[in-house]
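Open the model in your viewer and keep the selection panel at hand. The tour goes stop by stop.

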Amino acid sequence: MRWEGMGEERRRSPPFRTNLDWHEVLIQQTINGVTRGAVFALIALGYTMVYGIIGLINFAHGDVFMLGLFISLSYFTLLGMAGPLHGWQLVTVLPLVFLLTMLTTGVINVTIDRVAYRPLRHAFRLAPLITAIGVSFMLENLALIWKGPAPLAYPDVFPSVDILREWVGVDSLLFITTKDLLVLGTTIPLMIALQYFVTRTTWGKAMRATAHDKETALAMGIDVEKTIILTFFIGGALAGAAGLIQGLYYNIGMWWMGYQAGLRAFTAAVLGGIGSMPGAALGGLVIGFLSAWSDQYISARWTNALVFSILILVLIFRPQGLLGERVPDKA
Amino acid sequence: MSASGLLALDDVHAYYGNIRALKGVSLTVDRGEIVTLIGSNGAGKTTTLRTVIGTVRPLRGTVTFAGQRIDRVPTHKIVRLGIAQSPEGRRIFAPMTVLENLELGAFSRTDREAIPQDLERVLALFPRLRDRLGQKGGTLSGGEQQMLAMGRALMARPDMLLLDEPSMGLSPILVETIFAIIRNINQLGTTILLVEQNARMALRVAHRGYVLQTGRIVLQDAAGALLRSDVVRKAYLGEK
Amino acid sequence: MTDSGRWRPLPAALLVTALVGYPFLDRWLQAQTVHAVTDAMIYVLLALGLNIVVGYAGLLDLGYAAFFAIGAYTMGLLNSPVLGSPLYGHAWSFWVVIWIAALVSAGLGVVIGAPTLRVRGDYLAIITLAFGEIIPVAIRNLGDITIDIGGWRPVERLNLTGGENGVNPVGRPYLPGVNFDTDFIPWYFLILVIGAGSLWAMNRMRDSRLGRAWMAIREDETAADCTGVNPVKTKLLAFGLGASFSGFAGSFYAAKLQAITPGAFEFNVSIMLLCMIVLGGMGSLKGVILGGMLITLFDRILLAQLTFLVRWIGRSLGSGILASVDLTLWRWFFFGLGLVIVMLVRPEGLVGRRVRPPAADVDEREEALALVAGPPRPRAEAIPGWLREAAAPPAASPTTPPVLAVRGLTRRFGGLVAVSEVDLVIPARGIVGLIGPNGAGKTTFFNLVTGLLRPDHGEIRLGGESLVGLRPHAIVGRGIARTFQSIRLFQNMSVLDNVLVGEHCRLHASVAGAVFRPPAVVTEEGRARARARDLLAFVGLGDKDGELAKNLAYGDQRRLEIARALATEPRLLLLDEPTAGMNPRETDTLTEFIGLLRHELGLAVLLIEHHMEVVMGISDRITVLDYGTRIAEGTPTEIRRNAKVIEAYLGTGYEQELVSG
């Protein structure tokens, strides 16, 4: 059942207070929106980068995110981690699983490109998009066959501590846990690193050049195919990280969640301005807020309709999105 | 092919899209020369340059650069061999800064430490770019963009420079400036293959020229002789 | 382009016999496949509807299942005897509701299509997908709405759609003496009739003015617009008509299944339908039927059989994994795999036309021929009579108003003024040359006159009527036709169809006309074809009318583009570098040809050209643009002597050169 939501709509509130005031609810949902949005943003970055460089809506990208969750679970199992991590494990096992997951999903994404998209670079316009839908179905149903249709219990490996009460000692209205810190503490550095890579390094510049004009990039001596591989790798790795974070945060995974999250993240990318990386981050946050608020104030079952309405409206009325650049090509 | 020949095309046939753009083009460029290709729109000038840089693959025939066959070599490797291009319509990276554009020109270089020195050389050649280094490429004027495109190509420190329509859309004074710079670049030791709509300007700066017509070379001679030839005067210089 | 082919009585009779005999044979054999085949036919019908949108009009629709849902729910809600709300319980007759469902679906198709008109390609696909997601969500949630209306009845709970439970039961069709209750055979014949009718209508639509317009839009929307095809209307008709067939399929589905739930109309269904048309070959009716049948067969029968096979192999090999495999769980995986493989291996589908690789030898031979004989010389006698009649009156007096009068035309792009305060007048029967260096604004000028761009200010008058603000196809209708600098033909359409698209704006057949073909439409279509053949003969392509446009040699493509422009019966012809890429002989012929059009048809011509010989030789007057402004205007002799022109266009140092050379 695709429409049930991915577990995020299970609102969290401090265990000992359930009767929150309206402003407390709003603030709490806004915090929820930030963590959700951070995950969307990581996925959206992969959409935006791939679209920027080969003009393809990589429909399978959301499923790479889902695989990130599934695969990271396997790595934890492989390392024998079924319960909360302690002390040294947090600084060894956790980064290791991040690294392994990101590597795996990066390689998967590159493989998808090499096998399914690359032969179609010069095919008719809609061919790669149709192929991408095909790949998405394959990945999604592989996961279904692999783990079965029931929701997957993701072990609660990351310790959840109520920061304000237990660390600060304040009996606050708000419920912020170490898991929220984990989300921000992983997504923000990843985004900063990506921004640095793209604006400061030679290959990052090559990537932007290729996105702008492939033929001229070739004439600069840039190996365009290598740049594309790099883009798919980074996009896949970020989606993998997002999957891992999703698992750690919500402790649940579904085979169809890639489709769902993919569409929301794609909406985020379009809203921010497809091709723009800061746009993807911003779009992710906005969609995070909106979906959290919608779950609270409208109803979780209408949230998808809301998000897709935003997608339609943006595509029609402001296809360049919020931050899409319109640099004149001519002087 | 002469002994000092740097670039040679031999019986090159090529398609551009669905159109058979080249039907057996042979030409040579010797080291140190400026050679120009003239002809009307659709004659195959740009396609010829594309087969040299490798973005169009010849159906038949060979392209040789510095004694090495390059007609099956990927473009990024051709650039490393020492060919750089300033493409038609400039095609600078509009959302990137002038400095970034220039840096990208040097992408294929392995002698990283010599790059700052070359940047100085290029900025000396195009002083107007110096004030604009931090500006986005897309905000430059047409003439500045042309300078940037040429400067970017020179950052690769190429043995051979391919120039495609450098005068396009430029005012007469700027055209004069650009052509003076082209001559200057050549005198500093870079071989140039120049494709130009403005046949008169091209022939005055070049040593030799080829006239292309519907994918074939119909005339070749020293530039001065071409300037005086009847065919060229009538068809390309607009004289009667 | 038709894949219906000629009518052959024997195979047709065999086909009918097989289709009619099949269910009885099935009953006799007790094979019990009629039920599955009937279901398969529902999906084939859906795929055929989707094919109109995707295959003909080239609009990738990823949310087509939404229309299926709308069809089914229309039937469910109007026909169901239950559901307590006043909206339902009418139990309207199936035979009435099925038409209502088609209308509702078509209406929704237009409603969903309308906002997508502004976007193209991928974005359009995503918008349709989003609609396809929203509609099932809405159907689910509208089953339980709480409205606080205040007053003495504070809360009203509304059930509009049956929510997650859907609508159950749905009424069956009623026909005296026919058992729709327990027998599958009547259902089979019902969908057979609906399907055959739909196929008949689609076949006729494709081979009509409308079908050609769809394909022209698919091939090149801008060129279609500039050939007189209204893209908005054409696309909306594709969305609307495409959706209407899913209305039929949906209502049949609801009535046959007796119950509908929202889960039956999700993204998966849209993708399965897409699989069908991609596998068969987009745009081919035969292909879609084949693809639809193959996929349903695979899904309903083959997967189960394969499961048995694999398990048997597993048991005999002693492999526990293989022995317990259930391939039906893999069905969506296989659909995905199928899409990928077809796209990689045979993107044109099973029965699609293979793209012919460029044949260098043929090209060369043709060219060698052309060098000996030259392209056919244009002859005045070959001008089709109808074109003469459509053309301007032969005798133009000096007082005849100009055909085109442009004043103060200006267009900016960002900070750049591409065209600035340009005046230009084309007298009746005049040939005017427009020259200037590359980037001077000549093509922008063309785009302004033909309506592709809107001027910032200035006026454009055709015979006194202002054209500013008109869409390109409307301007074609007023009498301006054009060709493009880089040839823009409808590549995957036949040469004849290309010219017929040119006639589009002079034909009148409506959708109903296209399907039912009253005598007026038959006559019109016959005349249109005859005219197109005349035109092709005139430009020297008489023997190539069945070729795909993209397989023509370069010179032929140029001539076809001009023929297409002439088919719109223009008063003024705009030619953008018609001799680019032509050899001298072809150039001569074309020059002669343009002269002939003026002399014989009284056509006015505006010509962008770089070959100085051509422009100077043929033009009455020449306008020179540089930096978007008009720097000179005059007769060829005047232009040749104009100092400004010499400096800007012909090159500086011209005088020196004259002295020294």
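This is a predicted model. Start in chain C and select Arg212(C), Ala213(C) and Ala216(C) in helix H7(C). They meet Asp497(C), Leu500(C) and Val501(C) in helix H18(C). Sorted by class, this H7(C)–H18(C) contact has 4 nonpolar and 2 charged residues, with no polar ones.

Now widen the selection to both helices: residues 209-219 for H7(C) and 495-503 for H18(C). Their axes are 10 Å apart, and the packing angle is about 105 degrees. H7(C) is therefore roughly perpendicular to H18(C), as angles from 65 to 115 degrees count as such.

**Next stop: where chain C touches chain A**

Show chains A and C together. Here 36 residues of chain C are in contact with 37 residues of chain A. On the chain C side, select helix H5 (121-141), helix H10 (267-280) and helix H13 (331-345); these are the elements that give two or more residues. Which helix gives the most? H5(C) does, with 13 residues. Color the chain C side by class: 27 residues are nonpolar, 4 polar and 5 charged.

**Next stop: the sheet of chain B**

Hide the rest and keep chain B. Its secondary structure comes to 10 helices and 10 strands. Find the open sheet of 6 strands, in the order S6-S7-S8-S3-S9-S10, with mixed pairing. Select 83-86 for S6(B) and 216-222 for S10(B): these are the edge strands, each pairing on one side only. Ignoring direction, neighbouring strands are turned by 15 degrees against each other on average.

Zoom in on S3(B), residues 34-38, and S8(B), residues 191-195. They pair in the parallel sense over 4 bridges. Pick Ile34(B): its bridge partner in S8(B) is Ile192(B).

Helix H7(B), residues 172-187, lies across S3, S7 and S8 of chain B. H7(B) runs at about 150 degrees to S8(B).

**Last stop: all of chain B**

Zoom out. The C-alpha atoms of chain B fill a box of roughly 45 × 40 × 35 Å along the principal axes. Look at contacts between residues at least 6 apart in sequence: in chain B, 66% of them join residues at least 24 apart.

Note on methods
Residues numbered from 1 in each chain as written. Chains lettered and ligands numbered in written order. Predicted model: local features only at pLDDT ≥ 70, side-chain atom pairs only at ≥ 80, totals over all residues. Axes fitted to C-alpha atoms, helices over the stretch in contact; angles between N-to-C directions. Parallel < 35°, antiparallel > 145°, perpendicular 65-115°, else oblique. Contact = placed C-beta atoms within 7 Å. Nonpolar A, V, L, I, M, F, W, Y, C, P; charged D, E, K, R; others polar. Pairing = 2+ DSSP bridges.
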